[in-house]
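Please read these notes with the sequence and the structure open beside them. They are meant to be checked point by point.

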Amino acid sequence: MATMTAKFQKYGIMLVGDGATDVNKDPVLNLLAVQGRFTEFIECRDVRGIKKSKQYVAKMFIDYIQALPNPKVVVAVCTDNGVRSSASIIKEACPWVCWCPCQPHVINLLFKDIGALPGIKSLLEKLEKLRIFIRNHSSVKHIYDTYAIRNMGYSSLKKPARTRFAKHAIGLRN
């Protein structure tokens, strides 16, 4: 890390890796260094045609850690649950590094389990049907906008996000 600060050296850093897609919808792996409220972007790796296996992800982290002037500055690695099995490979190569799960991914999985409960699942399905009905009927939407938003303080109807956390939170809030 070219811009590694004294704080990074003193307190250590956590390497965070996560898969994403770029503007062309091609798969990429992002690698970041985090310490406290500071985040440094390290690299965005093009992984088109590459299986993002535990070995590949572990090698990405290990290669970066071992290339540092002081590898022991990395105290933790954070990944999503998809490649959590890479933690044992990283731990073997760098025994001082611990692994922790990505909290937003954990919350997302928690909401998936909660959303699968029979009572909750039926409530969420009814809420989604109601949201679609209101959005597709202009007179009903006008009533909702006039009464619910202006008089009751509700927010406007939002389209659910891709993550379960956001989808359920927005649906229940509306």
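The numbered points below go from the chain as a whole to the sheet, the salt bridges and the surface.

1. Basis. This is a predicted model, in which local features need pLDDT of at least 70 and side-chain atom pairs count only at pLDDT 80 or more, while totals for chains, interfaces and linings use all residues. Residues are numbered from 1 along each chain as its sequence is written, and side-chain values use heavy atoms, with hydrogens and water left out.

2. Overall make-up. The protein chain has seven helices and five strands. Helices (H or I, at least four residues) and strands (E, at least two) are DSSP runs, numbered from the N terminus. In sequence order the pattern is α-β-β-β-α-β-α-β-α-α-α-α.

3. Of the 174 residues in the protein chain, 30% are buried. The classes are buried under 20% relative accessible area, exposed over 50%, and partly exposed in between (1.4 Å probe, protein chains only). Among contacts (heavy atoms within 4.5 Å) with a separation of 6 or more, 45% are between residues 24 or more positions apart. The chain exposes about 11,200 Å², and carbon and sulfur atoms supply 60% of that area. Accessible areas come from the Shrake-Rupley method with a 1.4 Å probe; for residues, only the protein chains shown count as cover.

4. The sheet. In what order do the five strands of the open sheet lie? The order is E3-E2-E1-E4-E5, and the pairing is mixed. Strand E3 (38-46) and strand E5 (98-101) are at the edges with a single partner strand each, so one side of each has no neighbour in the sheet. From one strand to the next the twist averages 25°. Two strands are taken as paired if DSSP finds at least two bridges between them. Strands of a sheet pair through backbone hydrogen bonds, either parallel or antiparallel.

5. Pairings of E1. Strand E1 (residues 13-21) runs antiparallel to strand E2 (residues 27-35), and eight bridges join them. Within this pair, leucine 15 is opposite alanine 33 in E2. With E4, strand E1 pairs in the parallel sense over four bridges; here isoleucine 13 is opposite valine 74 in E4.

6. Helix on the sheet. Helix H2 (residues 54-67) packs on the sheet and touches E1, E2, E3 and strand E4 (74-79). The direction of H2 makes about 40° with that of E2. Axes are lines fitted to C-alpha atoms, for helices over the stretch in contact, and angles run from 0 to 180 degrees between N-to-C directions.

7. The E1-E2 turn. E1 and E2 form a hairpin with five residues between them. Lysine 25, in the loop between E1 and E2, has a positive phi near 65° although it is not a glycine. Most residues other than glycine have a negative phi. Lysine 25 counts as exposed because its relative accessibility is 68%.

8. Salt bridges. The count is five salt bridges, with a side-chain nitrogen of Lys or Arg within 4 Å of a carboxyl oxygen of Asp or Glu as the criterion. Aspartate 26 and arginine 48 meet at 3.5 Å, N to O. This pair links distant parts of the chain, 22 residues apart: aspartate 26 is in the loop between E1 and E2, arginine 48 in the loop between E3 and H2. Aspartate 26 counts as buried because its relative accessibility is 18%. Asp26, Asp46 and Arg48 are linked in a network of salt bridges.

9. Two further pairs. Glutamate 43 and arginine 45 form a salt bridge with the closest N and O atoms 3.3 Å apart. Glutamate 43 is partly exposed at 22%, and arginine 45 is partly exposed at 23%. In the salt bridge between lysine 59 and aspartate 63, the closest N and O atoms are 2.7 Å apart. Lysine 59 and aspartate 63 are four residues apart in helix H2, so about one helical turn separates them.

10. Nonpolar patch. Leu110, Ile114, Leu117 and Ile120 make a nonpolar surface patch of about 310 Å². Patches are made of residues with over 30% relative accessible area and no salt bridge; like charges are joined within 9 Å, nonpolar side chains (Val, Leu, Ile, Met, Phe, Trp, Tyr) within 5 Å. Leucine 110 is in helix H4 (residues 103-115) and is partly exposed at 47% relative accessibility. Isoleucine 120 is in helix H5 (residues 118-136) and is partly exposed at 33%. Leaving aside neighbours within four places in sequence, isoleucine 120 is in contact with Ile114 and Gly115.
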